[in-house]
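Subject: Structure handover

Hello,

Here is the structure for you to look through. Please open it first, then read the notes below it.

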Amino acid sequence: MKLIDLSGIWNCTQKGTNKTIPIRIPGDNYTALLEAEIIPHPYEGLNELDVQWVGKEDWIFSRSFNVGKDILSEKEIFLHIDSLDTIIDIKINNIAIESSDNMFIRTRCDITKFLIEGENEIKIFFASAEKIAKERAKNLPYEIPHTLRPVYSEHRNLVRKVQCHSGWDWGPCIMVTGIYGRIYIGAHSKGRIDYVYTNMKLEDQENNWKITVTIEMQSPIQTESKIRVEMRELDIFESTKIILKEGKNKVIINLLIENPELWWPSGYGKQHLYDLTVTTPDDTLSKQIGFRQLEVVTEDDDIGRSMIFRVNGRDIFCKGANWIPIDALPSLQSPDRYEKLLSDAIDANMNMIRVWGGGQYELELFYKLCDEKGILIWQDFMFACSLYPADRKFLTSVEKEISHQVKRLKDHPCIAIWCGDNENVGALNWFAVSMLNRERYLNDYIKLNKTISNVVKRLDPDRKWWPSSPCAGEDDYSDNWHDDSKGDMHYWSVWHEGKPFEAYYEVTPRFCSEFGFQSFPSLETVKTYASKDQWDVTSAVMEHHQKNINGNEIITKTIEHYFKKPGQFEEFLYLSQVNQVYAIKTAVEYWRSKRPTCMGVLYWQLNDLWPVASWSSIEYTGKWKLLHYAAKKFYQPIHIVAFSKDNYSTVEIWGINDTIESWEGILELYFIDFSGQILDNQQLSIKLNSEGAIHLKTFNVEKDIPFNRENGFLYLSAKVSSLIIENTFFFTQPKQSKLQPANITFEIDTTSSSRFLIRIITDKPAFFVALDFSDIQGTFSENCFTLIPDQIKKIFFYPESDCRLTPTEAQKLLKLFYLRPN
């Protein structure tokens, strides 16, 4: 295959003007305008409002390229573009060659007749997706409603574009236009490879596998072709000669693989991957595949219907978070950020991420990294929180989209489930028009959902199809926001309905794929969008960077319900993150104790796509919130938890073990008053059976604790093999506890520029202790912890890049927060 790479610097022109600026492709127009200093940064202050005009305009991207005789001598020349966002017409040398209105479909079109030797020009005309959506809305036979946001682009459900580009309750409205992924011209004479995908089947108990390799090819002529499939590590080399017809061809080659190494999710085994390469006379395509049996068990039982992910015969307790696009500006979605975010997920003991349906089918790099790291993927199709058209034109476009994406992604062993959409079943009950005409909108929903499922089941019959999230299964329209008995659940009664954190004890989801609570980012991140005069949660900028209606009010009221009112602004930010930890920890630890009834917990959300108050555990800047440090603990494979479901009358202690081995150890239970005196110490010999949760002890608070409930706490410390597991439990709400001021001192060893050692000691118990290095990016080995008097706590800090400081300099930069008594 001969190639002309079309990435690099193009021209970007606002249609109807002579204003042309350079744009880096792959990339988007907002970033180009920002780099040309034509618009202010949309993430700063209120600037989002000042750049809305960009999405209302049409744009033209253009460049010239040279074509030589060697290219023109081939029988077919084609244009390849991974993604065009969104409503486009393409011209080469002023001749129209292609149109598209779906950014999720790859463009591959024959341009053989349109090229000349020497200089050629390509122009891509981008119509405003916002304007097109409004035009389509006017021509609808009946309204098709969608959710509204504080700043939003109307009718985003009528265009096949990243839905959250239009604004969400954690994201800005930035209706970008762009070219993403690979863009090139290819030339060949004996056939190009369009897709390679496989179906795998375990043949016997000896771990022998049959692979069916499907190769889709396009040939400009009828010709004989030799196709070779190889997996060198397994010493597999298969060749076949076929006659390719002119046009589309499908070639199937079967392989028998003897006893390969299996692929496992993180924490359960290694992630062994094998290279698969297909070679033809004019083209080569390589990918990595992994061998694993993956079932999603949804069986009726005495409770309702289970939802269990089973890999290679083992039931996996799925632990993780929801994923949104990593930046609202696609040009800033860089490989190093993908690597860091996914590594951060692994560091927090996660084994699953849900790619949410209002975002994007992710880059190949994302799935490759998940394969390598052992992160299971719950993959939504890109439909979210709306009703959608069901006319033939729209459904035909969707069919092409789903076909392309399934063929592109299905060989990734990380992908565990295909899910039709996010919350579209629930959306039937969100709008007055759909509630009044439920049958009409339900029929439209079924048409769209069946269109998606038919393609998935045809192309990938061995992977689980799940109609929607949340839902109870096919043709079951149960209220999975409130019914916890079957399928996956989105439990939002705490945040959206104002229930207390203790409401998490009222449900036991079979699989909770969404729940969450907001916090503010750290001061370092706030500084990136708010000047000091705006450091107040009621300021214009702070409210603008809160996209959930009443979000700041909910955070504030909940902090005051559980904690004493904070003083300074930075303390408020800190307490908002403690509050978030308190909420999510309550849910996760309880639901993990309910294994095997509950077999999965994915909180909303892992990441942010701009600096904002949100449900994320990692800030836009990449800094870990306290929630992410807490997740590292509450998601650890072996854990000890304590909770009270009856308003602190009794306290239950449970042990959790997700590993395949049983473990024995010693659990120390320390009853400590807030002056630091140990009033009682109980020791339990414990055995944690493999892959289970076990009740260890129950305390009657009135009878069994040696102090009034507001005067002390329970400190749990378990030694299991080489592991030390610690946890803390209050016998009442933190604000009602009679905490005492702590004198916390620390010293820092900066001998190593890549790892600082911090030694911390306190004279009184200190809770939710948080460390923060001002303006130094990095992570701590532990954060948001309890300090026990006269015990030296050792914490390591790992700067993202070498950082040479003296101990005195480091001492000045280190900030320490804890739950103060006043």
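Start with aromatic pairs: rings of Phe, Tyr and Trp (its six-membered ring) pair if their centres lie within 6.5 Å, with planes under 30 degrees apart counted as stacked, over 60 as edge-to-face and the rest as tilted. On that rule, Trp492, Trp495, Phe501, Phe517, Tyr562, Phe563, Tyr582, Trp615 and Phe768 form one aromatic cluster.

Some ground rules. This is a predicted model, where local features need pLDDT of at least 70 and side-chain atom pairs count only at pLDDT 80 or more, while totals for chains, interfaces and linings use all residues. Residues are numbered from 1 along each chain as its sequence is written, and side-chain values use heavy atoms, with hydrogens and water left out.

**Aromatic rings**

The count of aromatic pairs comes to 69. Tyr670 and Tyr715 make a tilted pair, 6.3 Å centre to centre, with 45° between the planes. This pair links distant parts of the chain: Tyr670 is in strand β34 (residues 663-673), Tyr715 is in strand β37 (residues 712-720), and they are 45 residues apart. Helices (H or I, at least four residues) and strands (E, at least two) are DSSP runs, numbered from the N terminus. Tyr715 is buried, at a relative accessible area of 7%. Buried means under 20% relative accessible area, exposed over 50%, and partly exposed in between (1.4 Å probe, protein chains only).

**Charges over rings**

A charge sits over a ring if NZ of Lys or CZ of Arg is within 6 Å of the ring centre and within 35 degrees of the ring normal. Arg149 lies over the face of Trp168, 4.6 Å from the ring centre. Arg160 has its charged end over the ring of Phe383, at 3.9 Å from the centre.

**Salt bridges**

The whole structure holds 52 salt bridges. Each is a side-chain nitrogen of Lys or Arg within 4 Å of a carboxyl oxygen of Asp or Glu.

Take Lys161 and Asp85. Their closest N and O atoms are 2.7 Å apart. The bridge links distant parts of the chain: Lys161 is in the loop between α4 (129-138) and β11 (166-168), Asp85 is in strand β6 (residues 76-85), and 76 residues separate them. Both Lys161 and Asp85 are buried.

Next, Asp194 and Arg108. Their side chains meet in a salt bridge at 2.6 Å, N to O. Asp194 belongs to strand β14 (residues 192-202) and Arg108 to strand β9 (residues 107-110), 86 residues apart. Asp194 is buried, with a relative accessible area of 13%.

Then Glu570 and Lys815. This salt bridge is 2.6 Å, N to O. Glu570 is in helix α14 (residues 569-593), Lys815 is in strand β45 (residues 814-817), and they are 245 residues apart. Glu570 counts as partly exposed, because its relative accessibility is 22%. Lys815 counts as buried, because its value is 19%. Glu570 and Lys815 also belong to a salt-bridge network that includes Glu524, Lys623 and Asp772.

**A helix pair**

Helix α7 (residues 392-409) packs against helix α10 (residues 438-459) at an angle of about 30°, with the axes 9 Å apart. So α7 is roughly parallel to α10. Axes are lines fitted to C-alpha atoms, for helices over the stretch in contact, and angles run from 0 to 180 degrees between N-to-C directions. Angles under 35 degrees count as roughly parallel, over 145 as roughly antiparallel, 65 to 115 as roughly perpendicular and the rest as oblique. The crossing of α7 and α10 is right-handed. A crossing is right-handed if the near helix is turned clockwise from the far one by less than a right angle, and left-handed if anticlockwise.

**Backbone points**

Most residues other than glycine have a negative phi, and most peptide bonds are trans. Which peptide bonds are cis here? One runs from Ile25 to Pro26, with omega near 5°. Pro26 is in the loop between β3 (20-25) and β4 (27-28). Another runs from Asp85 to Thr86, also with omega near 5°. Thr86 lies in the loop between β6 and β7 (87-92).

Asn207 is not a glycine, yet its phi is positive, about 65°. Asn207 is in the loop between β14 and β15 (208-219), and is buried at 14% relative accessible area. Cys385 also has a positive phi, near 50°. Cys385 sits in the loop between β26 (376-380) and α7, buried at 5%.

Best wishes
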